[in-house]
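Hi everyone, thanks for coming.

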Amino acid sequence: MNGVPVAVFLCVTVVLMGGAGFLAGQALARLWRPVWQVFLYSALMGCADRFLVYALFDGALLSIAGYLTDTAVILALSLVAYRSTRAARMVAQYPWRYRRAGPFGWREIGAPAPQSGREVP
């Protein structure tokens, strides 16, 4: 994948840097930081990932496709962690106002459930 074996991609990008991205997403959500910071830190972790692949496994350092792929994986894991942690924090911080609406969302208590898109006569 992008000039390196799949095992290297899975170990370095998904497990190591993806795990770091997941923890960063949780930390940013716990500190009530805006979501744009997730994108910033994921881009920086994508650079670190490319360097680790280059330094340890003789991958290409300046591979645009490799950087974009690695950063997309890190960003996806970071956003999952950010949104799920933010939903948990909203419900924990304001239990009188919000309740969980799935793993990534919350809604106001007493608010009507979202419509399915079809009208029932």
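I'll start with the overall layout and then move on to single residues.

First, some ground rules. This is a predicted model, so local features need pLDDT of at least 70 and side-chain atom pairs count only at pLDDT 80 or more, while totals for chains, interfaces and linings use all residues. Residues are numbered from 1 along each chain as its sequence is written, and side-chain values use heavy atoms, with hydrogens and water left out.

Now, the layout. The chain has three helices and two strands, and from the N terminus on the order is α-α-α-β-β. Helices (H or I, at least four residues) and strands (E, at least two) are DSSP runs, numbered from the N terminus.

How much of the chain is buried? Of its 121 residues, 31% count as buried. Here buried means under 20% relative accessible area, exposed means over 50%, and partly exposed is in between, with a 1.4 Å probe and protein chains only. The accessible surface comes to about 7600 Å², and 68% of that belongs to carbon and sulfur atoms. These areas come from the Shrake-Rupley method with a 1.4 Å probe; for residues, only the protein chains shown count as cover.

Let's look at contacts, meaning heavy atoms within 4.5 Å. Among contacts between residues at least 6 apart in sequence, 59% join residues at least 24 apart. For one example, find S78 in helix α3. At 1% relative accessibility, S78 is buried. Which residues does S78 touch, leaving aside neighbours within four places in sequence? They are G21, F22, G25, V38 and S42.

F22 sits in helix α1 and is partly exposed, with a relative accessible area of 31%. Together with L23, V80 and F104, F22 makes a nonpolar surface patch of about 340 Å². Patches are made of residues with over 30% relative accessible area and no salt bridge: like charges are joined within 9 Å, nonpolar side chains (Val, Leu, Ile, Met, Phe, Trp, Tyr) within 5 Å. A salt bridge is a side-chain nitrogen of Lys or Arg within 4 Å of a carboxyl oxygen of Asp or Glu.

Next, the aromatic rings. How many aromatic pairs does a search of the whole structure find? The search gives three. One is F51 with Y54, a tilted pair at 6.4 Å centre to centre and 50° between the planes. F51 and Y54 are three residues apart in helix α2, so about one helical turn separates them. The rings of Y94 and Y98 have their centres 6.2 Å apart and their planes at 75°, so this pair is edge-to-face. To count as a pair, rings of Phe, Tyr and Trp (its six-membered ring) need centres within 6.5 Å; planes under 30 degrees apart are stacked, over 60 edge-to-face, and the rest tilted. Y94 is partly exposed at 31%, whereas Y98 is buried at 15%. Y94, W96 and Y98 form one aromatic cluster.

Finally, some backbone angles. Most residues other than glycine have a negative phi. W32 is not a glycine, and still has a positive phi of about 60°. You'll find W32 in the loop between α1 (6-30) and α2 (36-57). D58, also not a glycine, has a positive phi near 60°, and lies in the loop between α2 and α3 (64-93). Is D58 buried or exposed? At 69% relative accessibility, D58 counts as exposed, while W32 is partly exposed at 34%.
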